[in-house]
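Hi everyone, thanks for coming. I'd like to walk you through one structure today, a piece at a time, so please have a look at it with me.

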Amino acid sequence: MSVFTTIIKQLINGLQSGSIYALVALGYSMVYGIIMLLNFAHGDVIMVGAYIAWMMMARFAANPIIALIAAVIGCTVLGVLIEKAAYKPLRQSPRISLLITAIGVSYFLENVAQLVFGANAHVIPTFIDDTPIQLGQIAIPTTALITVIVAGISMVALNVLVKKTRMGKAMRAVSEDAGAAQLMGININNTISFTFAVGSALAGIGSVLYCCAYPKATPTMGSMLGLKAFVAAVLGGIGSIPGAMAGGFAIGIAEALVSSAGLSEWKDGVVFAILIVVLLVKPTGLMGRPMTEKV
Amino acid sequence: MAAMLKVNDIHVYYGKIHAVKGVSFEVNEGEIVSLIGANGAGKSTILKTVSGLMHPKSGTIEFMGKDIAHMEPNKIVTKGLVHVPEGRRVFAHMSVMENIEMGAYILGKAPEEAVEDVFTRFPRLKERRKQEAGTLSGGEQQMLAMARALMSKPKLIMMDEPSMGLSPILVEQIFSIIYELRESGVTILLVEQNANKALKITDRAYVLETGKITLSGTGRELLEKEEVKKAYLGG
Ligand SMILES: Nc1ncnc2c1ncn2[C@@H]1O[C@H](COP(=O)(O)OP(=O)(O)O)[C@@H](O)[C@H]1O
Ligand SMILES: [Mg+2]
């Protein structure tokens, strides 16, 4: 194989994992935008989505589309429940309490998963016929293609939601200035719940796409994926929706390029090096806005 | 005539800080009423309490005969009481048009004639409707904040220091807009540090000092009072 086809192949890999990072990063960014919380339980929502997909397909022999829908619904409900049960009572508390609670929720979910499903990986049956599509010299794996397309459609839908719908505009207004938004008649609690629902639904989609590439569910699978998506959100500018998308793809492609240079064991290190560099050089990220404190 | 807004002996706290100490006042339909007082007197706190952003520890607030003291702000807006907060608080990263639409949030879709009406009042905003609100000048942002508040067709509009930080020409313009608003039937509760200007367009006013009302009267009466002249009108 020529160097060129290797690079193309890695770029396709990068786009595939980048799509997943982007979907997950959106949840971090939207939640941070609206309540200034780094929701470290977000990665574990993905883990729960993967178990739901596994249960549906392996236990109930459901078709993959049904499994996807079940995972999305499950993640959405879980995300909203976490917000209502764990974060809402702390709305007036210092932000550090909220952050620590999020870490607590993360451990809680991981341990419950381990209790219920055991520590071993559950293998998810392959559900996509992975004969690659041949484009001249280059073989594009079907999973990569489906992942990029599904993620792309989800992001376009999110953009329409946020830009055009009443609820989407309310979300942006609350992110900018919750007090002023309330004075417009916007119900803050509903808007925050809605934001968690949307972020978690995207995580649900992300989890099924992730399972296409790595078809296993384990209790801790969400933590590394979540951390990398978090780095993507910071790179793009936390709070920014286009930033999260760009950051996700950038991290995916950076990983792939490192792998194509034959340094795949350095992949994770490079991602966290990016985090450190961003925090040192431009903490607001590529598209972030300088944070102003609001009353 | 029954008062449209009736605030009765409210006490408001920030944690342990007792910011408003037993304030009572009324606003009647069709009036412009002003609260004047030095920085830190508690003017903004009173408006925030009336609009529901804060709640009084004791005392009552009645708007059109309903007790609203413990209602949430998003509910209070639907009763026809809007608050243009201090510092304008426009949504800086949303367009001018989107800000105006947010003002009609409780109505669902922004009614076209309401949009027309604010664009007639504020032609500058029409020219800039596609621009991000954060890129507007201070005076334009104040106009946007007022336009946004008018979109829900309020009965009573509360404005917190609308002239703050504006050039004299713009101050003049803002006050004449307030005056016109009243002419078109909106009742106004105005908070100002610019006592001179405020008292001139005001029907009645209350003077606030460290959380308490110390004087009240018609705008003209207060303009004549020695203690007002000394403290708020520069001699
Ligand atoms: N967020 C806050 N936290 C604590 N104290 C506050 C806060 N906002 C205002 N205060 C205090 O409450 C008092 C009244 O403030 P405010 O209503 O803003 O006055 P004004 O609008 O008349 O300038 C002041 O002593 C001020 O320091
Ligand atoms: Mg004030």
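This is a predicted model: local features need pLDDT of at least 70, side-chain atom pairs count only at pLDDT 80 or more; totals for chains, interfaces and linings use all residues.

Let's begin with K228(A), which is buried, with a relative accessible area of 6%. A word on that term: buried means under 20% relative accessible area, exposed means over 50%, and partly exposed is in between, using a 1.4 Å probe and protein chains only.

Residues are numbered from 1 along each chain as its sequence is written, chains are lettered from A and ligands numbered from 1 in the order in which they are written, and side-chain values use heavy atoms, with hydrogens and water left out.

Back to our lysine. Which residue forms a salt bridge with K228(A)? The partner is E255(A), and the closest N and O atoms are 2.7 Å apart. By salt bridge I mean a side-chain nitrogen of Lys or Arg within 4 Å of a carboxyl oxygen of Asp or Glu. K228(A) sits in helix 9 (residues 221-236) of chain A and E255(A) in helix 10 (residues 241-260) of chain A, so the pair ties together parts that are 27 residues apart in sequence. Helices here are DSSP runs of H or I with at least four residues, strands are runs of E with at least two, and both are numbered from the N terminus. E255(A) is buried too, at a relative accessible area of 4%.

Over all chains, the structure holds 16 salt bridges. One of them joins R182(B) and E183(B), with 3.5 Å between the closest N and O atoms. Are these two buried or exposed? R182(B) counts as buried at 15% relative accessibility, while E183(B) counts as exposed at 56%. Another salt bridge links E226(B) with K229(B), at 4.0 Å between the closest N and O atoms. These two are three residues apart in helix 10 (residues 226-232) of chain B, so about one helical turn separates them. There is also a network: R124(B), E127(B), R128(B) and E140(B) are joined by salt bridges that share partners.

Now for the nonpolar cores. A nonpolar core is a set of buried Ala, Val, Leu, Ile, Met, Phe, Trp, Tyr and Cys residues joined through side-chain atoms within 4.5 Å. The largest one has 90 residues, and those touching the most other members are L26(A), Y87(A), L158(A), I186(A), F91(B) and M102(B). Helix 1 (residues 3-35) of chain A gives the most to this core, with 13 residues. Apart from it lies another core of 49 residues, including V82(B) and I177(B).

S44(B) counts as buried at 15% relative accessibility, whereas E86(B) counts as partly exposed at 32%.

Finally, the strands. Two strands pair if DSSP finds at least two bridges between them. Strand 1 (residues 3-14) and strand 2 (residues 17-28) of chain B pair in the antiparallel sense over nine bridges. They form a hairpin with two residues between them, and G15(B) in the turn has a positive phi of about 60 degrees.

Chain B also has an open sheet of six strands in the order 6-7-8-3-9-10, with mixed pairing. Why do strand 6 and strand 10 (212-218) of chain B each have one side without a neighbour in the sheet? They stand at the edges, each with a single partner strand. Further in, strand 3 (residues 32-36) and strand 8 (residues 187-192) of chain B pair in the parallel sense over five bridges, and V33(B) has L189(B) in strand 8 as its bridge partner.
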